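Here are my notes from a first pass, for you to read with the model open. I've kept to a handful of spots I'd look at.

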Amino acid sequence: MTRIVSVDPTVFFVSESGALRQVVRVSVENPSAGALPEGAACVVVYLPDSNERFPLGPIEPGASVHEIHILDVRTPIVVVFRLLIGDQPVDALELVWEPERHWDVYLVQVSHHDLGYTDLPTNVVREHLGFLDDVVRFCEQTADWPEESRFRYTVEQGWSLQRYVERRPSDQVDRLMSLAREGRVEVNALFGNETSELCGHEEQIRLLYPTFALKRRYGIPILTAELNDVPGLSWGLASTLAGAGIRYFSPRLPTYFSWGGMTVHSYWDEDAVLPNDLSGAFWWEALDGQRVLLWYGYRMWLWTFEQSVADLPGHLVDHRRRGYPFDLIRFGFESSGRDNAPPDIRLSFIARQWNSRWAYPRLLVSTNRMFFEALESREGDRLRVLRGDLPNTDYTVGALSTAKETAVNRATHDVLGSAEKLAACASLVSDYEYPAEQIADAMACEMLYDEHTWGMSNPMGPAQEGNWSDKSRYAYRAAALAHDVLVKSSNRLADQVILDAEGHHLVVFNPLGTPRTDLVTVPAVSAAPCGRPMYWSAPARGETRPAYFEGGTAIGRDVVDLPPDLIDHPFELIDVETAQSIPYQIMDLDDPLAARPAAAQRYALGGASPEQRRTLVFVAENVPSLGYRTFRIAPVERWPIFDTDLEVRAGVLENRFYRVVLNPDSGTISSIIDKATGREWLDNTAQHACNQVIVRWSSTGEEEVGCCARAVVGETGPVLASLVVRGEDVLPGCPQRNQEIILYDQLKRIDLATRLLKDSTPLMEVYVAFPFALDRPQFRYESGNTVIEPVRDQLPGSNTDAYAVQHWVDTWDADGGITWASVDAPVIALGDLWPGYVSQAHHCVTPPGFGHSFVRDPADLVKGHIYSYVFANNFRTNFQPVQVADVLFRYSLRTHEGDWREGQASLFGWGVSMPLIPAGVVGGKAGSIPATASFCSVLPSNVMLLTVKRAEDGDGIILRLSETHGRTTRARVELPWFTIGQAFATNLVEENVGSLLYDTHRVWVDLPAYGTATVRCRA
């Protein structure tokens, strides 16, 4: 007997005679040898209040499927399907009918911007220009198509659009921007697919500046952001995006941990957040309480209409069955299986054909904004709120595959910040032309280095070498441009100082917004800036030479270095304001392998010019906030003698604050005693000793440590003393290691430097250990624009093996704590040396312990140990599988009472990375500013001055402040050299949002706990 095998509702709906009907597939089995002719059979569908008859086509022998369109059912009911042959019922099937959703499917086309990987970065840029040409053409080609199928495109990252504006004819740019204003083309907010945890505070914010410059220029809307192919998100991004008015965020987090037939746990707890293979949304709330609407989803492959019909319904049904709660969904679409995919018009063809056939699912060729606004209007009030960081598993560690350039770029974050502040100050008190373009160039290069693409898909051979040449250039160019601005601006400021006395002076600048007492380091020969601007050199009185143009390393002159004939003879260093003689020390570099910046170069150049090896150091007291203090070098008859509490002898180094003892065999640090409390700060039961270099083999997990070294007395003097450790064994992959431990007479601080020569040995990791002794330690560390408690301030189940930090880490217990700062190395492990968690998408060999459980409770971090992760080369794609480099890693420590707030961890960490800046100048000259002054100060001390700059639009100056202790605060900013005519609060991208209370030289700013505030002051 012919029977109904099954009745299968589909996701499809059609509109017939004004009514919405669901497409249902009825499977029928005809056991007879002959076919039933068309019209011989029908299905009658019985609803609670009606029934409807559907004739069936010919029913062939065997199984057949027949499509019918039943009335749309919106509530669960019992539906009966009765099969009739002629008028005789032969079978029936009763079902509990669940309503199918009226799906709106938003198809957002993305490229996945890789600055490299598929080609050389320079070639990739050129390719993307062609992509955007196609976007314009496709938009114009479909301009009169049905609205939902018109071609739309999302410019994933700003660097491609910025280059397009720079390099395409204006009429072509205008066509693209007109489409952006219409909403056919959407511009996402971020500059690049960044490794966001590497980005400094200001760098993270400046990721928004290039696109917002285009917004101001062309009147285009910017409301959304993407960050693709990076398995981690810096929590600071939530407040950064929200602080610029970006409401919507759609990162594409790659499912690396399910690649290659290996499945390990994902980047978060899928039960607590979202399954990694299911789309969803939540409000991502920052530490300061701001939120962005975050969509998590994955990409689709829609090649043809037929393939779309076959595949797309299954995705929708799977989402519904697994608890996906919405009737709209976003699918990212890439046109090819390659990153840097071109735009593809086929989506519009598919959508046009699809929507002409079905009412639902409705396909909308979309932008992110279209989807997010629909999602928020329908579901925004019901979405969960999640807080926390998502520490990167792959790309932060990948940056250690090129440790030298990563260290260069990390330092540039702070050099550029100092340079920008001094440049703004110089433009206020002199005719110095603020170098806005050079600062923007340096910032762009800094950001492009921190962009996630490190190399080619197969990182070896000529292609990789060419790619790496392009990539590394960003780090070195950013460093050169930042240093150039720093030198030019500090020297122009020094030229404005009134110096009544003749002779050599040093003007020492403090780039922080609070007064400080700190070390000043003055190389006898300074590193030259990259530019030598021309100036007119007229002959001095009595000279017979002609006037001519000359190039100077400063502006209008050369940088004034320490005259050798001056420091070779007795002199006093005098604070010009107090007229007090202060202690100083001259250091002579006697080892090209010393653990000091540019030691080998200075030693080599010293063969021709001995002064290259000499450095003057002293401690400048109470240097004003974002200001300066002036010192004079005055020749005297005898070398001055200064009292000091510093003591250094074989294996022991101490001052009034600390006693540091070295292990005589290994050269590691065996004891750090805080003399004020008598506390021993090192855990001598730890597996690894303090300052010990550890090599771990990626394939076996076996460790080798530096165990044989010779410690000798380094520097001695009234300012600082040091012990030098020279490794006498050869660590695998590190044939040379040299270290220096420094104490200061006046500063409560321990500086440690480790210089390692890395050879080409692959498949290994290198760490430096800092095992501090604490009872039930707590941790905090600074990330970009946020402060994080490990584990607690993370999205549930996320990576705890390694973190990227900015200026400081603090760990403490009931009896006090210690602040640790790293100048050059961004990645740390806390509590233990964990197995590591670079996914199988990137690693060459799977290390032992891969896939282990992460820490789930902060109390499980039972040891106050910090490991600095410095080299990594277990990579099969993108990152360098080998590196050969000579790299210096610098660290600073300071113990304190209380927790991280009482210890002023933020001020210490920023001070280490933003040292005092000396500029030499010859006295006996008029000027316009006194010997000591502040250009800008901020109170109270929990508010950090991040930025002082000229406004992007030229309208006044911009100041950026950050609250660092988690307290709602009213800050007072003083600008003694700027007369305030108006003051405005702006968002992070310098758009005015309200007026502020101000008087002639002061402005008051309210900051939420951990919040960032931006201020515009007009004259």
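1. A definition to start: a salt bridge here is a side-chain nitrogen of Lys or Arg within 4 Å of a carboxyl oxygen of Asp or Glu. Keep in mind, too, that this is a predicted model.

2. With that in hand, go to D288, in the loop between strand 13 (280-285) and strand 14 (291-296). D288 is buried but has no salt bridge, and the nearest side chain of opposite charge, R387, sits 7.1 Å away. What D288 does have is a polar contact of 3.0 Å with the side chain of Q290.

3. Next, the second largest pocket, at about 1000 Å³. Its lining has 38 residues, and Q162, E166, A440, D441 and A444 are the closest to the centre. Helix 12 (436-450) is among the contributing elements, and gives the most, ten residues. By type, the lining splits into 20 nonpolar, three polar and 15 charged residues.

4. Most peptide bonds are trans, and most residues other than glycine have a negative phi. The bond from Y360 to P361 is cis, with omega near -10°; P361 is in the loop between helix 8 (346-357) and strand 17 (362-366). L939 and P940 are also joined by a cis bond, with omega about 0°, and P940 is in the loop between strand 50 (937-939) and strand 51.

5. Two positive phi values to check: R776, near 50°, and N878, near 70°. Which of them is buried and which exposed? R776 is exposed, at 69% relative accessible area, while N878 is buried, at 3%.

Conventions:
Residues are numbered from 1 along each chain as its sequence is written. This is a predicted model: local features need pLDDT of at least 70, side-chain atom pairs count only at pLDDT 80 or more; totals for chains, interfaces and linings use all residues. Side-chain values use heavy atoms; hydrogens and water are left out. On a 1 Å grid over the protein atoms alone, a cavity is a set of points where a 1.4 Å probe fits but cannot get out, and a pocket is an open set with protein on both sides within 12 Å along at least five of seven lines; lining residues have an atom within 4 Å of a point. Grid points are joined across faces, edges and corners, and a volume is the space filled by probe spheres set on the points. Helices (H or I, at least four residues) and strands (E, at least two) are DSSP runs, numbered from the N terminus. Ala, Val, Leu, Ile, Met, Phe, Trp, Tyr, Cys and Pro count as nonpolar, Asp, Glu, Lys and Arg as charged, and the others, Gly among them, as polar. Buried means under 20% relative accessible area, exposed over 50%, partly exposed in between (1.4 Å probe, protein chains only). Lys and Arg count as positive and Asp and Glu as negative; His and the chain ends are not counted. A polar contact is a pair of N or O atoms within 3.5 Å; within protein, one must be able to donate a hydrogen and the other to accept it, and residues adjacent in sequence count only if both atoms are side-chain atoms.
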